[in-house]
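Hello,

Here is the structure I promised to pass on to you. Please have a look at it first, and then read my notes below.

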Amino acid sequence: WFEKAFDAPGCRATAILFETLSPADPPDCYNVACAWAVAARLQPTAGGAAALEEVDADAARAVEWLQKALAAGYMNARLLACDRDLDALREDASGA
């Protein structure tokens, strides 16, 4: 819901909430990664260096949770390749 409303603070709060549940199974870790990636994508970057640091921090948390998901046995390579929730990470990796 927060994503569709372009509510970056709501997305970030949801990611924090998901993270506090300390998920350990692969799909839940993957969902936390997606929540952080969406939060990173929706963060406004017009606020200068501080805003960009927040975007980078959210993206880093997404990568961290994605690594946890993979380490826990997440194996849906097709979803990893096309999940739009992870677009912020792909854009960051491509230098866009």
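Helix 1 (residues 8–20) and helix 2 pack against each other at an angle of about 160°, and their axes lie 8 Å apart. Angles over 145 degrees count as roughly antiparallel, so that is the word for how helix 1 and helix 2 run relative to each other. The crossing of helix 1 past helix 2 is left-handed. Please keep in mind that this is a predicted model.

Which residues make this pairing? From helix 1 come Ala-8, Cys-11, Arg-12, Ala-15, Ile-16, Phe-18 and Glu-19, and they meet Asn-31, Val-32, Ala-35, Trp-36, Val-38, Ala-39 and Leu-42 in helix 2.

Now for the chain as a whole. It has five helices and zero strands, so to read the elements from the N terminus on is to read α-α-α-α-α. Of the 96 residues of the chain, 35% count as buried. The accessible surface of the chain comes to about 5,700 Å², and carbon and sulfur atoms hold 60% of that. Among contacts between residues at least 6 apart in sequence, 62% join residues at least 24 apart.

Enjoy exploring it!

Best wishes

Terms used
Residues are numbered from 1 along each chain as its sequence is written. This is a predicted model: local features need pLDDT of at least 70, side-chain atom pairs count only at pLDDT 80 or more; totals for chains, interfaces and linings use all residues. Side-chain values use heavy atoms; hydrogens and water are left out. Helices (H or I, at least four residues) and strands (E, at least two) are DSSP runs, numbered from the N terminus. Buried means under 20% relative accessible area, exposed over 50%, partly exposed in between (1.4 Å probe, protein chains only). Contact means heavy atoms within 4.5 Å. Accessible areas come from the Shrake-Rupley method with a 1.4 Å probe; for residues, only the protein chains shown count as cover. Axes are lines fitted to C-alpha atoms, for helices over the stretch in contact, and angles run from 0 to 180 degrees between N-to-C directions. Angles under 35 degrees count as roughly parallel, over 145 as roughly antiparallel, 65 to 115 as roughly perpendicular and the rest as oblique. A crossing is left-handed if the near helix is turned anticlockwise from the far one by less than a right angle, and right-handed if clockwise.
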